[in-house]
Amino acid sequence: SKNIYGPYEEKIGLAQGNSPINGPHQGAWIDTPNKKEDWFAHFQDVYTVGRIMHLQPMIWKNDWPIIGLDPDGDGCGEPVLTYKKPNVGKTYPINTPVEEDNFDNNTLGLQWQWHANPSALWYFCDKQNKTLRLFSYFEEGKKNLWEASNLLLQKITAPKVIYTTKIAVFPDKRYVGERFSFVIMGEDYATLSITNTKEGLSLSMNECKKARKEGKEIMLENIKLPENEVYLRIKIENGKDCTFFYSTDGNTFFQIGNNFEAKPGRWIGAKVGFVAERPKQSNDGGYMDI
């Protein structure tokens, strides 16, 4: 494959070169409305952080596309990190992907993705109270959260990021064992989980290695919760190094559990989000407000 694939990569007109953009992947040639500029959109695989989209300038040389810049003149371009924006005949305001969510809409933002086809029984967007309500759900035969349909997740926003959420839980008083979790999800995953036990509410940090291969989830630390409301925090550095915190007032945070190395999911990066679980089949159950 080296003899075939290496020359092919050179011919397509884009290689990593001295840039930090590893492995330019599949993309698309785009031209501007006035047909005077050519550009190339492609993605970069950054493992736990998923795939980052890049837009590269492109020119034609001897009827062949040169993408990015070609500083050594070998006919194969290298990706650029910054460049003058395309001339599309109009100026638009700078826009970035959504980085926060106050749940002040009647629908979920497009950054949120369910692990499977969603059900209206799983959630309610409460615009008036700026709250997302997740109802607990029972899934028969589930080995761990890798097989959970009702995971609500979003891609990690950046290699260095802090996620903080305020959660209030309202478990069903008829039985124990409902669990409400803040999750960093991948082929290995970890959770901050609030569980309704016989002794009351508890907060635990759990991890599961090799989840796709039916790995078992293990509790690493567990504390009692005095109230049903808590602030949870996941701090991520280097795109994968996670630490977990909790707070009862939203100001002073305490670390809980072990450091955790996030892993990509199957063909996707690691994701962060929520899940509400029920230990038995029943018509209804408890819920969490986020």
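Visitor: Why is Ser181 called buried?

Guide: Buried means under 20% relative accessible area, exposed means over 50%, and partly exposed is in between (1.4 Å probe, protein chains only). Ser181 has a relative accessible area of 0%, so it counts as buried. One caution before we go on: this is a predicted model, where local features need pLDDT of at least 70 and side-chain atom pairs count only at pLDDT 80 or more, while totals for chains, interfaces and linings use all residues. Residues are numbered from 1 along each chain as its sequence is written, and side-chain values use heavy atoms, with hydrogens and water left out.

Visitor: What does Ser181 touch?

Guide: Contact here means heavy atoms within 4.5 Å. Leaving aside residues up to four places away in sequence, Ser181 touches Thr191, Leu192, Ser193, Gly273, Phe274, Val275, Glu277 and Met288.

Visitor: What makes Ser181 and Ser193 a polar contact?

Guide: The rule asks for a pair of N or O atoms within 3.5 Å; within protein, one must be able to donate a hydrogen and the other to accept it, and residues adjacent in sequence count only if both atoms are side-chain atoms. The side chains of Ser181 and Ser193 are joined at 2.6 Å, and that is a polar contact.

Visitor: What makes Arg133 and Asp289 a salt bridge?

Guide: You need a side-chain nitrogen of Lys or Arg within 4 Å of a carboxyl oxygen of Asp or Glu. Arg133 and Asp289 come to 2.7 Å, N to O, and form a salt bridge. The pair links distant parts of the chain: Arg133 is in strand β7 (residues 131–135) and Asp289 in strand β19 (residues 287–289), 156 residues apart.

Visitor: Is that pair's Asp289 buried or exposed?

Guide: Asp289 is at 15%, so Asp289 is buried. Arg133, at 23%, counts as partly exposed.

Visitor: How many salt bridges turn up in the whole structure?

Guide: The search finds 13. One of them joins Arg174 and Asp284, with the closest N and O atoms 2.5 Å apart. Arg174 lies in the loop between β9 and β10, and Asp284 in the loop between β18 (271–277) and β19, 110 residues apart. Arg174 has 57% relative accessibility and counts as exposed, while Asp284, with 41%, is partly exposed. There's also a network of salt bridges linking Lys142, Arg179, Glu217 and Glu277.

Visitor: Why is the pair of Phe135 and Tyr287 called edge-to-face?

Guide: Rings of Phe, Tyr and Trp (its six-membered ring) pair if their centres lie within 6.5 Å; planes under 30 degrees apart count as stacked, over 60 as edge-to-face and the rest as tilted. By this rule there are 11 aromatic pairs. Phe135 and Tyr287 have ring centres 6.2 Å apart and planes at 65°, so the pair is edge-to-face. Phe135 is in strand β7 and Tyr287 in strand β19, 152 residues apart. Tyr246 and Phe254, at 5.8 Å centre to centre and 40° between the planes, form a tilted pair.

Visitor: Which residues form one aromatic cluster?

Guide: Phe103, Trp112, Phe182 and Phe274 do.

How values were computed:
Helix = DSSP H or I, 4+ residues; strand = E, 2+ residues; numbered from the N terminus.
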